[in-house]
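Student: I would like to go through this structure with you. Can we take the surface and then the inside?

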Amino acid sequence: ALGLGLLVIGPTTFLPTYGQTVLGLGAVAAGAVLGSMSIGWPIASALSATLFLRAGFRATQLTGATICLVAVAAFLLAPDPAPLWPLVAETFLLGGGLGLLSVASIVGPQSTVSWGERGVVTGTVMFSRYLGQSLGAAIFGAIFNTTLARSGHVGSAAGSYPKAVIAAATNHVYAALTVVAALTIVAILLFMPRRFDTRAGAVASTGPAVTARPGKPGDQA
């Protein structure tokens, strides 16, 4: 979940700037490039149940993290500047990987605990995701600003940044995202069991047990 938060915040923060400054897109078009992530995410989320019921939660998370790695690495391998349609496809693919990763990272842990512990588990997973986003905003922002500082353009007006500087800064952010995706795969391999022990959560979907009220005087059986 921590890796998921990091992988979400990087493109969300810097891809629209790349689209407007480097590719010359308008604000709506640059937002539409990022919006392709929001299309791939729900599609993959809808298909994730079929995958983790057949292959397990660990395999689903590995699949999602690997897709994320391929998507962010493809940005680095693309020509500079990256063409528009491949960029849209890469962002869509990243959304698909995040969709698989997000559902499995919540439903898997939920299935291992009883009903009364589901809130704690869900809250912990979501906290980790938001912590990853907060850390990512700081880390990737520092990487981006460091690239600008080395170019000697810190403090300049936004319109005066050369396209090459913004492209280089975005490439550095995506290089860091590639490392994050690889580390997420390593974390899944090290810490995620092949199969969760779901005995505690076997009856969780039915909710708390309902106890019968004691009968009142005069009640008939």
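Predicted model: local features only at pLDDT ≥ 70, side-chain atom pairs only at ≥ 80, totals over all residues.

Student: Which helix gives the largest share of the nonpolar patch on the surface?
Tutor: The patch is formed by Leu2, Phe127, Leu131, Leu135 and Ile139, which together have about 440 Å² of accessible area.

Student: Is Leu2 buried, partly exposed or exposed?
Tutor: Leu2 is a member of the nonpolar patch and lies in helix α1, residues 2-21. Its relative accessible area is 38%.

Student: How much space lies in the largest cavity?
Tutor: Rolling a probe the size of a water molecule over the atoms shows where empty space is left. Counting cavities of 30 Å³ or more gives 1. The space in the largest cavity is about 30 Å³.

Student: Which element gives the most residues to the lining of the largest cavity?
Tutor: The lining consists of Ala71, Phe75, Leu87, Glu90, Thr91, Leu94 and Tyr174. Two elements give two or more residues each, α3 (57-77) and α4 (84-110). The top contribution is 4 residues, and it comes from α4.

Student: How many residues of that lining are charged?
Tutor: Glu90 and Thr91 are among the lining residues. The lining divides into 5 nonpolar residues, 1 polar residue and, for the charged class, 1.

Conventions: Residues numbered from 1 in each chain as written. Heavy atoms only, no water. Patch = residues over 30% accessible without salt bridge, like charges linked within 9 Å, V, L, I, M, F, W, Y side chains within 5 Å. Areas by Shrake-Rupley, 256 points an atom, 1.4 Å probe, with all protein chains shown as cover. Salt bridge = Lys/Arg side-chain N within 4 Å of Asp/Glu carboxyl O. Buried < 20%, exposed > 50% of the residue type's maximum accessible area, 1.4 Å probe, protein only. 1 Å grid on protein atoms, 1.4 Å probe; cavity = no way out; pocket = protein on both sides within 12 Å on 5 of 7 lines; lining within 4 Å. Points joined across faces, edges and corners; volume = space filled by probe spheres on them. Nonpolar A, V, L, I, M, F, W, Y, C, P; charged D, E, K, R; others polar.
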